[in-house]
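This tutorial takes the form of a dialogue about reading a structural model.

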Amino acid sequence: MTRKILIFDTTLRDGEQCPGASLNPEEKLEIARTLAKLKVDVIEAGFAIASPGDFEGVKTIAQQIKGPAICSLARCNKKDIQAASDAVKFSDRPYIHTFIATSPIHMEKKLRMTPDQVVETAVESVKFARSLCPYVEFSAEDAGRSDPAFLYKIIAAVIEAGARTVNIPDTVGYTTPWIFGELIEKIIKNVPQIKEKGVIISVHCHNDLGLATANSLAAVMAGAGQVECTVNGIGERAGNASLEEVVMAIKTRKDIFKCETGIDTREIYKASRQVSNLTGLLVQPNKAVVGANAFAHEAGIHQAGVLRARETYEIMSPQDIGLTESRLVLGKHSGRHALADKLKDMGYQLSEENLEKAFTRFKELADKKKDLSDRDLEIIVAEEVYIVPETYMLESIDIKSGTHIQPSATVELVYKGEKISHTAIGAGPVDAVFKAIDALTKKKINLVDFTIQAITGGTDAQGEVTVRIKQADHIFVGHGASTDILIASAKAYLAAINRLLTVRP
Ligand code: KIV
Ligand code: ZN
C-alpha cells in the first residue's frame, strides 16, 4: 500500500505570525473552510492562550469545521495547555500541539533550564495534555540545532508520556536536506518506541536559506510521516515550507517519493489566491506552483514545444492545481442567485448579509466593466466582505494633475457620520491623496510599501493596490481595487488605517 504523508497546515498559526498578516476571526474561519476543502489532515488554528481573540478564533473553527483535526499550539505549561484544550474540545477531532526548546542555545539563554528540567517539563506537559485531549503532538523546538542524542532521549520520554506525533522543527531554517534527512533516519533508528507505538514523525521547516521545501522532502524520504506547512509558504521571517510545493513535488515525482498525500490539489490555486487576498501578502510572479508565471510560456521556442506536446516544458498541468482559464462568467445582467452559485463554486460560503454586500459591489463594477472574471469576484469578496470596521469611509476624491500643474487632491471622508474634507498637494496624485488622508485622520503613518497590479487584462481592468503601513513596530495591510487607480489607492490606504484603528483606536 502507498505510504500516506499527512499534511499539517499551520497557515493560521505560524503563517499568521508573520508581519502584517494578522487576520480577523471571520477571515480565519473562511481560510479554515478552504483548508478543509483542500483536505488537509490537521488545521493548526492558532495559539489559544495568546489573546482572547486567538482563543475565540480557534474555538469557532473547532465548532464549525468538520473533517480535519483542529489543533491549538501550547507551550509546555498547564495554563497554555488548558486554554488549548478549552478551545479545541468542540472539534470531533481535537488536537493539542505542545512544544519546548531542545537546542543548547535555547535551553540555556531563553529557557534558563537544564536539559533534565526540559525533559521533565516536556513529560509532565504531555501527560497533562493527554489527560485533557486524546491526540497530542510534541515539538522539540529548534531540533535542527539540537544534539541528536538529547533528541532521542526526550522523544522516547514524551512517547512514553502519551505523545502520538513527535515533530522535529528546523525553527531557524538552518539545516540542509542531506543533514536533515540523516537526522530523521537516526531518530527513527535510535528511538524504538516510534515503531513500537506507531508514532508519527513530523517535520516543520523554516525557509531562511530557501531550503524549507527541500528539507521537508528529504525528511519524507527518510521516513517522516507528516509535513507541517503553510499556503504560499507564509510565516515568520522567510516563511515556512510551502504546502503547494511539498504536495505537488510528492504528486509529480511519485516515482521517487513512492508516497502520496490526501490533498485535493485542484483546490490549491483557490487557496493560494484566498490567503493572498485576505493577508495582503502578494505571491511573487515566479513562485513555484502558484505564481502568475508558473504556467506561462513566454519564450517562442517553449511555446512551440508546448503547443506540440504539453509535456515538453510542463511537468504539471495547470488543471492539477485548479487553474482554469479565467472564464467568465458574470456580467451586468447576472442576478444575485448566479453570483451566489458562482461564489460557492469558488469556495466562498457567504452569509445573507455578506452576499448582499458583495452583490451591491458586483453590480457597481459590472456597470463599469463588461465581463467580470473569477479574479474580479475574489477581489470583491476580499474587499467588501472581509473588511475591518470602517472608522473612516471614502466619500469622494477629486484630483488635479497633469504635465504642467502641481498635483493636488481633495479627499472627502465620512467619520462618525460627518463629512470631512481636505485638499493637499503632493509629488504626484497618489502622494497628494495620502497626504490629504493623513491630515484628515491625524495619524502619523509610515508607508512601508505600495504595490499596484492589474487584476485582469484590458484597459478596463481593475487596479488592485496593496499598502503596508507601520506604526510602532506593527505592520498593517490594506488593499483596495477599482477601475480608477487613485480610488483604489485611497481605499487601500484607508483600509490599512482602519485596520490599525481596530487595534489602537
Ligand atoms: O518553528 C517552530 O519551531 C515552531 C514550533 C512551535 C513548532 O513553530
Ligand atoms: Zn515554526
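Predicted model: local features only at pLDDT ≥ 70, side-chain atom pairs only at ≥ 80, totals over all residues.

Q: Which residues are around ligand 1?

A: A residue belongs to such a list if one of its heavy atoms lies within 4 Å of the molecule. Here the residues around ligand 1 are R13, D14, H97, F99, S139, E141, N167, P169, T171, H204 and H206. Sorted by class, this shell holds two nonpolar, six polar and three charged residues.

Q: Which side chains place a polar atom by an oxygen atom of ligand 1, and at what distances?

A: A polar contact is a pair of N or O atoms within 3.5 Å. R13 has a polar side-chain atom 3.0 Å from a ligand oxygen, and H204 has one at 3.1 Å from an oxygen of ligand 1. For H206, the distance between a side-chain N or O atom and an oxygen atom of the ligand is 3.0 Å.

Q: How much of the accessible area of ligand 1 does the protein cover, and which elements give two or more residues to the shell?

A: On its own, ligand 1 has 260 Å² of accessible area, of which the protein covers 94%. The elements contributing two or more residues to its shell are α1 (11–15), β5 (94–101), β6 (136–141) and β7 (165–170).

Q: How is a nonpolar core to be read, and which residues have the most contacts inside the largest one?

A: A core of this kind joins buried nonpolar residues through side-chain atoms within 4.5 Å. The largest has 99 residues, and F138, I155, I168, I184 and I187 are those with the most contacts inside it. Helix α7 (residues 148–161) supplies the largest share of this core, 10 residues. Another core lies apart from it and has 25 residues, including A409, V433, A490 and L494.

Q: With which residues is F138 in contact, leaving aside its neighbours within four places in sequence?

A: Setting those neighbours aside shows what the fold brings to a residue. For F138, the contacts are C76, T98, I100, A122, V126, I154, V158, A163, T165, V166 and N167.

Q: Is A222 buried or exposed, and what does it touch?

A: The cut-off for buried is under 20% relative accessible area. A222 has a value of 12% and is therefore buried. This residue is part of helix α10 (residues 212–222). Beyond four places in sequence, A222 touches G181, I184, E185 and I188. The C-alpha atoms of A222 and G181 are 5.4 Å apart, although 41 residues separate them in sequence.

Q: Which residues have a positive phi although they are not glycines, and where do they lie?

A: Two cases may be taken in turn. N232, not a glycine, has a positive phi of about 65°, and its place is the loop between β9 (226–229) and α11 (243–252). With a relative accessible area of 12%, N232 is buried. Its contacts, neighbours within four places excluded, are S242, E244, S272, V275, S276, V283, K287 and V290. V289, also not a glycine, has a positive phi of about 70°. V289 is located in the loop between α13 (268–279) and α14 (300–308), and its relative accessibility is 6%, so it counts as buried.

Conventions. Residues numbered from 1 in each chain as written. Chains lettered and ligands numbered in written order. Heavy atoms only, no water. Polar contact = N/O pair within 3.5 Å; in protein donor to acceptor, adjacent residues only side chain to side chain. Areas by Shrake-Rupley, 256 points an atom, 1.4 Å probe, with all protein chains shown as cover. Helix = DSSP H or I, 4+ residues; strand = E, 2+ residues; numbered from the N terminus. Nonpolar A, V, L, I, M, F, W, Y, C, P; charged D, E, K, R; others polar. Buried < 20%, exposed > 50% of the residue type's maximum accessible area, 1.4 Å probe, protein only. Contact = heavy atoms within 4.5 Å.
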